[in-house]
Each structure stands twice: as structure tokens, then as C-alpha cells.
2 protein chains.
Amino acid sequence: MSEVQTNQQFRLAARPVGLPTDADWQLTEEALAPLEDGQVRVKVLYLSLDPAMRGWMNEGKSYIRPVAIGEVMRAGAVGVVTASRSPRFQPGDHLSGAFGVQRWWTGAVDENSGVVKIDPALAPLPAWLNVLGMPGMTAWFGLTDIGQPTAGETVVVSAAAGAVGMTVGQVAKHLGCRVVGIAGGADKCRFVVEELGFDACIDYKEGNIATGLKQHCPNGVDVYFDNVGGEILDTVLTRINMKARIVICGAISQYNNTTRVTGPSNYLSLLVNRARMEGMVVFDYAARYPEGVARLAQWLREGSFKHREHVVDGLENFPSALLMLFEGKNFGKLVLKVADA
Amino acid sequence: MSEVQTNQQFRLAARPVGLPTDADWQLTEEALAPLEDGQVRVKVLYLSLDPAMRGWMNEGKSYIRPVAIGEVMRAGAVGVVTASRSPRFQPGDHLSGAFGVQRWWTGAVDENSGVVKIDPALAPLPAWLNVLGMPGMTAWFGLTDIGQPTAGETVVVSAAAGAVGMTVGQVAKHLGCRVVGIAGGADKCRFVVEELGFDACIDYKEGNIATGLKQHCPNGVDVYFDNVGGEILDTVLTRINMKARIVICGAISQYNNTTRVTGPSNYLSLLVNRARMEGMVVFDYAARYPEGVARLAQWLREGSFKHREHVVDGLENFPSALLMLFEGKNFGKLVLKVADA
């Protein structure tokens with residue numbers, strides 16, 4: 001394989017106020033550095049587009065350092081090794097890692113790099129950014145470790161047709177729970193019920209969420225897996241059971257706020273119901289990813305677990321594709337295809 | 001002891017909007033019913049005035065049923081048995097129970113009545129409504145069971161000079177924690193530091209809470225015991241450590257709201273810090289009260305634990321005395337003296 005000479009990257013040009021605009025990005029082109037000892041060169045094939053990326057663009061302390069102005073935008077990705085000066089990986093190996101929004105990644109691949117080999121025979125490459133990637137791990141560990149549902153309990157998940165939500169719901173069904181999704185639009189709701197086997201889905205664009213919860217959660221809510229925050233979180237708080245667990249995984253409704261985040265007015269329901277609200281960040285479970293991948297891969301092989309990716313083609317479409325997340329325009333895990341394998 | 005013939009009671013006349021007013025109460029007088037089998041007659045000596053009482057006056061589902069219109073207002077109390085047709089208690093026994101805002105209580109005293117015998121030799125009667133009563137139990141179980149602080153951690157408690165707060169802080173000191181209180185006014189702050197041994201206290205009426213937390217919690221906040229909600233909760237959320245625990249015990253700043261409760265805007269700090277916010281209601285620990293009383297009584301006997309009550313005299317002063325809680329006018333556990341022993 002002959003070595004290419006140039007790379008193309010999206011760099012953060014400015015910290016966005018509200019929704020990111022084109023002015024917040026700079027598309028750069030630069031020569032590839034020579035490969036050093038211990039490094040590999042990866043041709044990026046698919047990029048993961050995630051709501052969390054919006055948070056990485058902000059200044060200030062969070063669970064991960066912000067992307068610096070001028071830095072290549074951080075992104076999870078899968079790619080193929082084209083050259084290697086590391087004993088860990090060989091050309092032709094498929095890898096996943098935080099390769100960033102660019103065509104080529106060159107870097108060291110020690111144990112702490114987070115770069116791991118993936119098996120495209122087990123599932124198509126985009127699925128490694130979905131059910132077998134970060135969203136899948138977020139769903140698996142967030143639900144089982146923080147939510148801790150038991151058979152017969154009712155689990156509600158928001159952004160139910162999103163990458164995390166669809167896995168949360170299917171895991172909960174496998175655990176014997178009643179599962180109710182909240183999603184935007186009839187298509188998404190039909191999908192999670194008819195394709196994924198959720199017991200019900202509330203279309204937040206159509207009707208009243210409180211009424212929907214009352215109807216579809218006749219025994220109340222034991223676990224709520226929250227990806228959205230805002231009014232939906234507040235409404236679910238009115239329907240929780242004694243000793244309920246609320247997993248705070250994200251708050252996509254609030255990420256582009258230019259005013260203060262809306263806090264949950266009904267948080268005193270935690271007191272009344274002796275309930276718990278707890279945050280989770282998937283990176284904490286890095287050492288246990290193989291355990292999560294093994295379980296989900298087994299269900300995939302058995303045919304009892306589904307995944308869906310929404311693939312947008314072309315690195316150049318990164319800025320507009322990212323916005324789809326915040327407009328609810330993606331249907332399934334949003335993935336940007338950068339190159340053919 | 002000759003039997004009295006009349007009782008006097010404060011009944012709930014209307015559901016208050018905002019702060020309770022005189023119009024929300026009705027002072028009634030009625031003949032005492034004859035004592036039935038299994039019942040005792042209790043002369044009420046001291047009533048406990050608690051922020052939670054405001055919640056009991058509202059309609060709607062909560063952790064305990066609302067007081068009905070026309071019903072004697074619910075209140076914890078201590079009193080002395082004047083007549084008994086129960087084998088459990090004898091005239092002269094001191095009891096604690098939910099005797100209500102009245103001069104005399106007549107009722108059955110089975111195992112489920114929540115009426116228990118207390119020992120006035122161990123601590124003065126008002127202390128049985130404080131450190132050895134509900135507030136003490138709330139502090140003990142809320143802190144140890146939900147907050148779970150370990151030696152060396154930093155514990156912050158709001159309403160630090162209140163009944164629950166002063167016990168929370170002293171328990172945390174006994175457990176080897178750094179303890180920082182938040183209270184209103186220089187006197188209260190001086191008291192919790194100089195008399196109770198807190199490491200520091202932030203006067204929310206004086207200065208900036210964020211600055212105070214920064215100064216007095218140099219290693220961040222591991223456990224926050226929240227009695228107040230509102231802006232104080234929101235500010236503490238900006239200073240919590242990884243895996244912090246927030247005990248939601250009350251929200252006195254919000255109880256008289258005529259608008260929506262202010263939710264914590266900074267709740268996503270739970271996500272960033274993988275932290276937990278959990279509600280507690282002391283009644284859940286009823287079976288374990290003897291365990292809590294034993295530990296606190298031991299520290300009282302050893303002289304390593306203090307308590308302070310603010311006693312207001314006269315049943316007729318109930319409506320105005322209750323308001324002191326919401327104006328921060330009480331200094332120590334607020335108790336209404338109804339009669340001499």
C-alpha cells in the first residue's frame with residue numbers, strides 16, 4: 001500500500017454560542033508526518049457523531065478536557081491500519097479509537113491509547129461505533145451498573161431511537177423489564193416498538209408526555225435512563241416509584257442553551273420517593289468494555305438484538321451532519337463515512 | 001390525677017398559598033372522649049415545629065398523606081401519660097409520638113402507633129424532639145446511610161444551626177470528616193464553629209457561597225446534606241468531587257413557593273462527577289431508631305455532643321411560631337411548650 005502524503009482535518013476555530021455554525025470550524029490540509037517507532041497510520045473509515053461532542057467544544061472543567069482552539073476535533077472512529085511501526089497492530093487490522101475528525105490518524109498505540117482491534121466479521125464497521133462501541137457501552141454499563149433494573153420493573157428511556165436509547169431498551173427487554181421509550185416522531189416510535197420490541201413509545205412531538213407515561217407505565221417508573229434533560233426529565237420525575245433510579249447520561253435538550261440549563265423543578269420527587277439520580281460517564285468502564293462487548297455480541301449473533309446506523313457520506317459534510325443530532329434528524333446512530341475500506 | 005374534660009386543638013382550616021396565615025388555622029375546643037380499651041391519655045408537654053409541616057398542609061401525593069381540612073394539625077410531640085387502659089404504658093410514663101397540635105392526645109398505642117417511651121433522665125424532654133427525636137434520626141440515618149462519608153472527606157451541611165444540620169455536622173466530625181456548615185447570620189455561624197466544633201461555616205446572608213465553599217472546602221465537597229434547596233444546592237453542585245453524594249433531606253427555601261420549585265440548574269455536575277443525589281425520609285428507618293438513639297445518647301453522655309432547642313411558650317402561639325422556621329428566626333431546634341410536666 002503506497003503511503004499518502006496529505007491529511008485533511010476539521011479543527012475547532014471558535015467556541016460556539018448555541019448551535020455550532022460553519023464559522024466554528026476550519027478545514028485544514030497538511031502533510032502527513034513520517035511514522036515514528038511505536039506508531040501506526042490509520043485510514044479513517046467511519047466517524048462517530050455524538051451529542052457529547054457539543055460539550056467538548058465548550059471551555060471549562062468537565063469529565064474530559066475541552067478540545068482546544070485550533071485542535072483537530074475529537075471523535076471516536078473506526079479505521080484500517082495502512083502502515084505500522086508497532087508490534088501491536090499490522091496493516092489491514094481494523095481499529096477503533098479517538099482518531100478525530102480527519103482522514104488519517106497517526107499515533108502511538110500503547111495500552112493507554114484506547115486504540116483497540118475490532119473484528120469486522122462480528123458486525124459491520126458502523127456497528128462498532130454503535131452497539132459495540134461507546135453508545136453500546138454507555139447503555140450497557142449505565143443501565144446495569146447505575147440503573148440496576150430487575151425483571152418485572154418498568155424502564156423508561158428517552159431518545160429511544162438514538163444510539164444509546166435503542167440499546168438501553170433492548171438490554172432492559174432482555175433483562176425482563178417493561179420498556180417504554182420516548183422519541184420524536186411516529187417513525188421512530190414505530191421502529192422501537194415494532195423492530196426493537198419495546199412495549200410502548202411516547203412521541204414527544206405529538207402528545208402529552210405525562211399522559212403517555214400514565215398510560216404506558218401503569219405501575220410507575222422504576223428506572224429512567226435520561227439522555228435529554230429538560231421538560232422530559234421533569235415530567236418523568238412526577239411518575240417515579242419508591243426507590244427509583246434515574247441515570248443521568250446526557251441532556252441533549254440543554255447542550256446548545258445560551259441561557260442557564262433548566263434544572264429539574266420536580267427533583268423533590270427524589271425525596272418523596274427515596275429515589276436516586278446518578279451521573280455516569282462511559283470512560284469509567286473502559287477496563288470492563290470487553291465484558292459489555294461480549295454480552296452484546298452474543299445477542300447480536302443470536303439474532304435477538306438489533307442496531308441501526310444513519311450513515312452520512314463525506315468528511316466535508318461533518319459540520320452539517322453534526323447538527324442533525326440536535327435537530328433530531330438522525331434515525332439511528334449517526335455515523336459519518338469518510339472513506340471506503 | 002383527676003381527668004380533664006376539654007381539649008384544645010389547632011385544625012387546618014384552609015390550604016395555604018405561600019406562607020401560612022392565621023386564616024389557615026382554626027382553634028377549636030371540645031370535650032375529651034372517654035378512654036377506650038388499649039388507649040392512653042397523654043398530656044402534651046412539647047410540640048416539635050418542623051419545616052416538613054408546611055408540606056403536610058398541601059394537597060397531593062407525598063411521602064405521607066396530607067393533613068385533611070378540618071383535621072388536627074399533625075406534629076411530633078412529647079408528653080406524659082395521665083391515664084391508661086393499655087398494658088404498654090402507665091400513668092407518669094413519658095412518651096413521644098405524633099400527638100398533634102393540641103393539649104391532649106387520646107389514642108391506641110399498639111406497635112404500629114409510633115408511640116414510644118422516652119427516658120427524661122437521659123436528656124431533657126425538648127431534646128427528645130431534637131437530637132434523640134426525628135431530627136436526630138434524620139441526621140444520623142441520612143448521613144450514615146445515604147451520605148456515607150468516610151474519615152478525611154469533606155461534608156457540607158445547609159441549615160447548619162437547625163435541628164438536623166447541627167446533628168449532621170457533629171456526627172460527621174465524630175466520623176473524622178472536615179465539616180463546613182452553611183447558615184444565616186454571624187451568631188449561628190459562630191455557634192456551629194465554636195460550640196459544635198464545625199471546621200467552618202459560611203454565612204449565606206453575608207457573603208458569596210461559592211467563594212466560601214472555595215475557601216473552606218479546598219479539597220472539594222464529598223457529601224452535601226441538603227436541607228434548603230434553591231440557590232444553595234445549585235452552588236454546592238459546582239464544587240462537588242468525583243463520586244460525591246448529595247442527600248436530599250428537605251428544601252425549606254422552596255416550601256412556600258407560589259411558583260414552581262427552582263430545580264438545580266447545575267444538576268449535570270452529577271454527570272461530570274459521576275455523583276449521586278438521593279432523597280431520604282426518616283420514617284423508613286423507624287425500625288432502626290433504637291440504634292440511632294443509642295449512638296447519639298452515648299455521645300451525649302460522654303459530653304462530646306451538643307444540642308440546642310429554641311423553646312417558644314404557649315399552644316396559642318403555634319401559628320406565629322411555625323413561621324419562625326421560614327424566616328430563619330429560630331436558633332436551634334424549634335419547640336413549642338404546651339404545658340408543664
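## Paired strands across the two chains

Two strands pair if DSSP finds at least two bridges between them. In this predicted model, strand S13 (residues 276-279) of chain B and S13(A) meet that condition, since they pair in the antiparallel sense over 3 bridges. Within this pairing, A:Arg276 stands opposite B:Glu278 in S13(B).

## The interface between chains A and B

Where chain A meets chain B, 25 residues of chain A are in contact with 25 residues of chain B. Two elements of chain A each give two or more residues to this side: helix H7 (269-272) and strand S13 (276-279). The most comes from S13(A), with 4 residues. Sorted by class, the side of chain A that touches chain B has 14 nonpolar, 6 polar and 5 charged residues.

Which surface does each copy use? Of the interface residues of chain A, 100% are also interface residues in chain B, so the copies meet through the same surface.

## How the copies are related

## Two domains in chain A

The domain assignment divides chain A into domain 1 (6-130 + 308-337) and domain 2 (134-283). Domain 1 is therefore written as two stretches of chain A, while domain 2 is written as one. Taken over C-alpha atoms, the centres of domain 1 and domain 2 of chain A are separated by 28 Å.

The domains also touch: 17 residues of domain 1 of chain A are in contact with 15 residues of domain 2 of chain A. On the domain 1 side, helix H1 (residues 52-56) of chain A gives the largest share, 3 residues. The residues of that side divide into 7 nonpolar, 7 polar and 3 charged.

## A helix pair in chain B

Two packed helices are described by the angle between their axes and the distance between the axes. In chain B, helix H2 (residues 134-147) and helix H8 (residues 289-302) pack at an angle of about 95°, with their axes 10 Å apart. Angles of 65 to 115 degrees count as roughly perpendicular, so H2(B) is roughly perpendicular to H8(B).

From H2(B), the contact is made by B:Gly136, B:Met137, B:Trp140 and B:Phe141. H8(B) contributes B:Tyr289, B:Gly292, B:Arg295 and B:Leu296. By class, this contact has 5 nonpolar, 2 polar and 1 charged residues.

Note on methods. Residues are numbered from 1 along each chain as its sequence is written. Chains are lettered from A and ligands numbered from 1 in the order in which they are written. This is a predicted model: local features need pLDDT of at least 70, side-chain atom pairs count only at pLDDT 80 or more; totals for chains, interfaces and linings use all residues. Axes are lines fitted to C-alpha atoms, for helices over the stretch in contact, and angles run from 0 to 180 degrees between N-to-C directions. Angles under 35 degrees count as roughly parallel, over 145 as roughly antiparallel, 65 to 115 as roughly perpendicular and the rest as oblique. Two residues are in contact if their C-beta atoms, placed from the backbone, lie within 7 Å. Ala, Val, Leu, Ile, Met, Phe, Trp, Tyr, Cys and Pro count as nonpolar, Asp, Glu, Lys and Arg as charged, and the others, Gly among them, as polar.
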